[in-house]
Amino acid sequence: MDFFSDYTLRVVALGSGVLGAAAGALGSFAYLRRQSLVGDALSHAALPGIALVFLLTGSKAPLPIMIGAALAGWVATVAVRLVVRRSRVPYDSALGMALAVFFGFGLVLLTQIQKRPDAAQAGLESFLFGQAASLLREDVIVMSVLGTACLILLGLLWKEFKLLSFDSEFGDSLGRPMRRLDGIFTLLLVVAVVIGLRTVGVVLMSAMVVAPAAAARQLTNRLAPMVVLAAAIGVFSGVTGAVLSSMVPRLPTGPTIVLVLSTIVVLSLIFAPDRGLLWRWIKLGRLQPAAALDPVLMHLYALAQQHPNEPDHGHRVGVLRTMSPVGADVEQALEDLLNRGLVHGVGDELWAPTPIGRREAERAIEAQTEMSS
Amino acid sequence: MVANDTPAMEVEDLTVAYSDQPVLWDIDLTVPAGDKMAIVGPNGAGKSTLIKAAMGLVPSVAGEVRVFGRSFAKGNGEIAYVPQRSSLEWDFPTDVLDVVTMGTYGSLGWFRRPGNAERDRARAALEEVTMGAFERRPIAQLSGGQQQRVLLARALVQEAPILMLDEPFQGVDAPTERAIVAVLDRLSDEGKTVIVVHHDLQTVPEYFDSVLLLNVRAIESGPVAEVFTEDNLRLTFGGRVGVLAQLAATVNEG
């Protein structure tokens, strides 16, 4: 089969590419905001919306179905917010509950619909695991318009979304409307999820949000390259998965895309320079033991502990020398500590730690205890 | 400073509650312009909450905040905020210069991207905290002290007349502590007002002009020499009197 001349394949590939780009780019911010579960809840919660729209209109036209799915997803996020605010249920549990309740309700509706002797319902179950081959030209047009709109808005609100993800409290202190921006971001995420429902399916759509971001984060330390890379990974796995599943009979698209994605993620987790497991393993092999605490400062601190009432009680160099290993250059060490502002002379050959020096010593002890525990 | 100068900040009857539990109770506070003030109190006293509530970052049940005599509104560039370092996610994919440039976002407005002018301001601020050589360093690779200096630089970029810092000396190394103190001194010399949530009682007399002793209520506030007394510390911190008595004694001697 010739890919570029096959009309259906091109439609399928374009649709999957658009959704991969939108989900990958927006998913990067969701990932950085530790909201990966939100994508999962949103997509599962969309199912009853899809079923209800079909029950009401009897049609599977893309726009009404997507609006229904988006509304259901939005209701789910509002419900989660209400539960978190009004009760002691933590955020992730509330998300999990919303996911289960909405998805369960959607499955019940879907089973009821399928019992009807009505030919129009055929294919509705493809919303569960996705069937890219069933994409029509009008589906892809709607997906492309919405996906492009998402990406343009993301570009326009780039610095606001960066603030929202890195330090939204600081954004608030600058007078930027962070709550409204949070709402806009959630809306864009809903749209990105909804445009993928027919292709990837509600069950696995969250992988399109999370996985490209996770892989891209491994490969770069900067935001713009991460978002572009995540979008590219989304496009690649979306197109590959959709085309594969269209060519092999009865191969659902969602699981195929997820398999491609998982391969990329696993490879990046292992081989990514700097952050990858392999890299860390090599680095760990070379790792030196933690730098020794400055022994003279620690001795002086220990001595100062004997005189808690007199922070400036001086201690003799001779005492420090007996506490140090034979041959250690205690004078040189004191000189260095003096230059760093950690000790001060309080008389002839008498030394005491400064407040900063005391704290430095306390911190070193804390760090030591943490490491050994 | 002229005696009848308008105070930089006046807080009146500020009360904050989390789910009906008062966290701050009826706080009155006046911070003179050009003052370096420490906010001191035990854990859970509401120190961070106070500066956040004063800036409108957490909702308050009651109270009024005036800045230079006018009712305070977020986003007019009068207060620059340095949050607690540990409250941030430092594994975020960005570099030092980009974080400091965020200080210019308030004046940029919608849809405008930071350009060379903004980045130059950010570079100048980085030089002030001796982090000029680190502008391209990913923030995930910074030490605690370097992170703190980056956050201070981000606030300096805002060129606000008032700076509020939440525990800037928490877990930083000695050179960073000295660098921060030097910057705060310079700001104060330029007539800017600096308000710092501070946890180290020993350095209060050395670093600050005035102090607010806080434990849900404002116990006392004013110049360090007048307010930082054994009695007030006991009222603020309760039980651990022994240590505090010594501390107040050494302060009063010095």
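Strands E3 (residues 36-40) and E8 of chain B pair in the parallel sense over 4 bridges. They belong to a predicted model, in which chain B carries an open sheet of 6 strands with mixed pairing. Chain A contributes an open sheet of 3 strands, paired antiparallel, and a packed pair of helices, H3 and H6.

**The sheet of chain B**

- The strand order in this open sheet of chain B is E6-E7-E8-E3-E9-E10.
- Strand E6 (79-82) and strand E10 (217-223) of chain B each have a single partner strand and stand at the edges, so one side of each lacks a neighbour in the sheet.
- On average, and with direction ignored, neighbouring strands of this sheet are turned by 15° against each other.

**Strand E8 of chain B and its partners**

- Strand E7 (residues 162-166) of chain B is joined to E8(B) by 5 bridges, and the two strands run parallel.

- Helix H1 (residues 47-54) of chain B lies across E3, E6, E7, E8 and strand E9 (210-215) of chain B, and runs at about 150° to E7(B).
- Helix H5 (residues 144-157) of chain B also packs on the sheet, where it touches E6 and E7 of chain B; the direction of H5(B) makes about 170° with that of E6(B).

**The sheet of chain A**

- The strands of the antiparallel sheet in chain A follow the order E1-E3-E2.
- Strand E1 (315-316) and strand E2 (343-347) of chain A are the edge strands, each pairing on one side only.
- E1(A) and strand E3 (residues 350-353) of chain A run antiparallel and are joined by 2 bridges.
- Within E3(A), A:Leu350 is the residue opposite A:Arg316.
- Helix H14 (residues 295-305) of chain A packs on this sheet and touches E1, E2 and E3 of chain A, with its direction at about 90° to that of E3(A).
- Helix H16 (residues 330-339) of chain A lies across E2 and E3 of chain A and runs at about 110° to E2(A).

**Helix packing in chain A**

- Helix H3 (residues 62-86) and helix H6 (residues 137-156) of chain A pack at an angle of about 50°, and their axes are 9 Å apart.
- Because of that angle, H3(A) is oblique to H6(A).
- H3(A) makes the contact through A:Pro62, A:Leu63 and A:Met66, and H6(A) through A:Glu138, A:Asp139, A:Val142, A:Met143 and A:Leu146.
- Classified by residue type, the contact of H3(A) with H6(A) has 6 nonpolar and 2 charged residues, and no polar ones.

Conventions: Residues are numbered from 1 along each chain as its sequence is written. Chains are lettered from A and ligands numbered from 1 in the order in which they are written. This is a predicted model: local features need pLDDT of at least 70, side-chain atom pairs count only at pLDDT 80 or more; totals for chains, interfaces and linings use all residues. Side-chain values use heavy atoms; hydrogens and water are left out. Axes are lines fitted to C-alpha atoms, for helices over the stretch in contact, and angles run from 0 to 180 degrees between N-to-C directions. Angles under 35 degrees count as roughly parallel, over 145 as roughly antiparallel, 65 to 115 as roughly perpendicular and the rest as oblique. Contact means heavy atoms within 4.5 Å. Ala, Val, Leu, Ile, Met, Phe, Trp, Tyr, Cys and Pro count as nonpolar, Asp, Glu, Lys and Arg as charged, and the others, Gly among them, as polar. Two strands pair if DSSP finds at least two bridges between them.
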